[in-house]
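Here are my notes on this model. Please read them with the structure open.

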Amino acid sequence: MPIDPRHLLARSFPVIEQAYSQRDTQLYALGLGMGSDPLDEGQLGYVYEGQNGQSLRAMPTMANVLAYPGFWARDSDTGITWQKLLHAEQEIHLHARLPASGKVKGATRITGLWDRGPDKGAFLQQTRDITDATTGKLLASVVQLSLLRADGGFGSGGTPGVAPAAHVMPEGAPDHICDLTTPGQLALIYRLSGDLNPLHADPAVAAAAGFERPILHGMALMGVAAHAVLRTVLGYDDARFAGMRVRFTAPAWPGDTLRTEMWVQGSTVSLRTTAMERGVVVLNNARVDIR
């Protein structure tokens, strides 16, 4: 059935509760390639708990995988042609530092639905607030923008106006460049943090989707770019990492060398990431907000 915009905007989601351990936090960071240099103490802080067991830090982008509601677009009540859904943008806002272990709750809601016309699809925005399950403290908000390629033309009932405009990139040469080489098994590690889509593991599934090999998760790509900013601009001080927004422009492959160019303007770091071996821009119109 076609989508009903009023129904979709009013759709309710169960609150997801998730307990996670230091091991989960370490596994997530390893799935971004952290710890590739065992002598780099900055990286080590995200993959090693230290001798007292208290020094482990969570990567800010770990908010993407906490209390995730799953691929709900496949549910029959949505009317979404989920096979033609594309993940367009991802955004996180950190209201507090993520603890290295704990229990959280995630409350998801639809916060935007913009019709682009019968031949152009529609943009759907969902927002998830992540709170500490014990104290109720708001830790992070995660905003996802999806392009529903086959579900435009529904007319009235959507969100007024247009979807949020892309972040405008600065002109001129970047202030910083960081190259991070990803290991060939990166997607196989990252999927253990919850995204088990076989597109990222099974060569046959990837080939059926038109790719010559399994591709890297978009969320892992976002995390690698966040690592570049932490390493190059913030000296691995995640307390200064206030938020991030990225636009996905092409798939990255495990094994790619990912070059992130950065432009620093006050509290904003604009960035673009390129898969160097193929000369393909995989993230663009991206930004990190710093404190």
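1. Two strands count as paired if DSSP finds at least two bridges between them. By that rule, E6 and strand E8 (residues 257-265) pair over six bridges, in the antiparallel sense. Within E8, Thr260 stands opposite Cys178. Keep in mind that this is a predicted model.

2. Now the whole sheet. It is open, has 10 strands and pairs in the antiparallel sense. The order is E1-E3-E4-E5-E2-E7-E10-E9-E8-E6. Strand E1 (16-20) and strand E6 (176-181) are the edge strands, each pairing on one side only. On average, neighbouring strands are turned by 20 degrees against each other, direction ignored.

3. Which helix packs on the sheet? Helix H6 (residues 218-232) does. H6 touches strand E2 (85-94), E6, strand E7 (241-248), E8, strand E9 (268-275) and strand E10 (280-290). The direction of H6 makes about 135 degrees with that of E7.

4. Eight of its 11 residues are buried, so E4 is largely enclosed by the rest of the structure. Buried here means under 20% relative accessible area.

5. E4 pairs with strand E3 (residues 102-115) through 11 bridges, and the two run antiparallel. Arg109 has Thr127 in E4 as its bridge partner. The hairpin of E3 and E4 has six residues between the strands. In that hairpin, Gly117 takes a positive phi near 115 degrees.

6. E4 also pairs with strand E5 (residues 138-148). Here 10 bridges join the strands, again antiparallel. Phe123 stands opposite Leu147 in E5. E4 and E5 form a hairpin with five residues between them. Gly136, in the turn, has a positive phi of about 80 degrees.

7. Next, the nonpolar cores. The largest has 56 residues. Met59, Leu98, Phe241 and Met244 touch the most other members. H6 gives the most to this core, with 10 residues. A second, separate core has 13 residues, including Ile3, Leu8, Leu113 and Leu148.

8. What does Met59 touch, not counting residues up to four places away in sequence? Its contacts are Tyr28, Ala29, Leu32, Met34, Tyr46, Leu98, Gly223, Ala226, His227 and Leu230.

9. Helix H2 (22-30) comes next. In H2, Thr25, Gln26, Leu27, Tyr28 and Ala29 are buried. The buried residues of H2 pack against E1 and helix H4 (186-190). Tyr28 and Ala29 are also among the residues that Met59 touches.

10. How many cavities of 30 Å³ or more does a search of the whole structure find? The search finds two.

11. Last, Pro38. This residue is found in the loop between helix H2 (22-30) and helix H3 (41-44). Is Pro38 buried or exposed? The cut-off for exposed is over 50% relative accessible area. Pro38 has 60%, so it is exposed. The C-alpha atoms of Pro38 and Leu192 are separated by 22 Å. Along the chain, Pro38 and Leu192 are 154 residues apart.

How values were computed
Residues are numbered from 1 along each chain as its sequence is written. This is a predicted model: local features need pLDDT of at least 70, side-chain atom pairs count only at pLDDT 80 or more; totals for chains, interfaces and linings use all residues. Side-chain values use heavy atoms; hydrogens and water are left out. Helices (H or I, at least four residues) and strands (E, at least two) are DSSP runs, numbered from the N terminus. Buried means under 20% relative accessible area, exposed over 50%, partly exposed in between (1.4 Å probe, protein chains only). Axes are lines fitted to C-alpha atoms, for helices over the stretch in contact, and angles run from 0 to 180 degrees between N-to-C directions. Contact means heavy atoms within 4.5 Å. A nonpolar core is a set of buried Ala, Val, Leu, Ile, Met, Phe, Trp, Tyr and Cys residues joined through side-chain atoms within 4.5 Å. On a 1 Å grid over the protein atoms alone, a cavity is a set of points where a 1.4 Å probe fits but cannot get out, and a pocket is an open set with protein on both sides within 12 Å along at least five of seven lines; lining residues have an atom within 4 Å of a point. Grid points are joined across faces, edges and corners, and a volume is the space filled by probe spheres set on the points.
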